[in-house]
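Me: Can we go through this one together, bit by bit? I'm new to reading structures.

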Amino acid sequence: MSTATQATQPHEIIWMLTNHVVVSRSVHVVAELGVADHIRDEVVSVKQLASACAADPDALDRVLHLLSTYGVFDRRGDGYAHSDASRLLCTEHP
């Protein structure tokens with residue numbers, strides 16, 4: 001066992017692993033909804049994104065906010081813009 005792992009408390013390990021699953025699933029959800037396809041070169045409000053994706057605006061905002069903390073989207077005010085990572089989720093991306 002590494003020194004870094006020994007210093008990590010058991011509840012911290014569980015919390016960290018749980019969050020990774022949540023983030024991973026969040027990426028899948030926004031990909032399935034096609035969120036990235038509705039963002040072009042400008043900021044799009046979460047209400048517009050939710051309408052375009054047939055999603056609940058509050059729930060979508062929470063998921064996109066989480067993903068923006070990991071750099072997957074760029075949160076700007078009440079909307080979202082592309083990051084380098086989110087462009088990979090566009091259906092037209094090779």
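Here are my questions, each with a reply.

Me: What kind of model is this, and how are residues numbered?

Reply: This is a predicted model, where local features need pLDDT of at least 70, side-chain atom pairs count only at pLDDT 80 or more, and totals for chains, interfaces and linings use all residues. Side-chain values use heavy atoms, with hydrogens and water left out, and residues are numbered from 1 along each chain as its sequence is written.

Me: OK, the sheet. In which order do the 3 strands sit?

Reply: Strands are DSSP runs of E with at least two residues, helices are runs of H or I with at least four, and both are numbered from the N terminus. Two strands pair if DSSP finds at least two bridges between them. Here the pairing is antiparallel and the sheet is open, with the order β1-β3-β2.

Me: Which strands stand at the edges?

Reply: Look for strands with a single partner, since one side of each is then left without a neighbour in the sheet. That picks out β1 (44–45) and β2 (73–76).

Me: How many bridges join β2 to β3?

Reply: β3 covers residues 79–82 and runs antiparallel to β2. Arg76 stands opposite Gly79, and Arg75 stands opposite Tyr80. The number of bridges joining β2 to β3 is 4.

Me: Which residue in the hairpin turn has a positive phi?

Reply: β2 and β3 make a hairpin, with 2 residues between them. The one in the turn with a phi of about 60 degrees is Gly77.

Me: How many disulfides does the structure hold?

Reply: A disulfide needs a pair of cysteine sulfur atoms within 2.5 Å. For Cys53, the nearest cysteine sulfur is that of Cys90, 11 Å away. Cys53 counts as buried at 8% relative accessibility, and Cys90 does too at 10%. The number of disulfides is 0.

Me: At roughly what angle do α2 and α4 cross?

Reply: Axes are lines fitted to C-alpha atoms, for helices over the stretch in contact, and angles run from 0 to 180 degrees between N-to-C directions. Under 35 degrees is roughly parallel, over 145 roughly antiparallel, 65 to 115 roughly perpendicular, and the rest oblique; α2 and α4 are therefore oblique to each other. The axes of α2 (residues 10–33) and α4 (residues 57–69) come within 10 Å and cross at roughly 120 degrees.

Me: Is Leu67 buried or exposed?

Reply: Leu67 lies in α4, and is among the residues that meet α2. Not counting residues up to four places away in sequence, Leu67 touches Val23, Ser26, Val27, Val30, Val72 and Phe73 (contact means heavy atoms within 4.5 Å). With a relative accessible area of 0%, Leu67 is buried.

Technical notes. Buried < 20%, exposed > 50% of the residue type's maximum accessible area, 1.4 Å probe, protein only.
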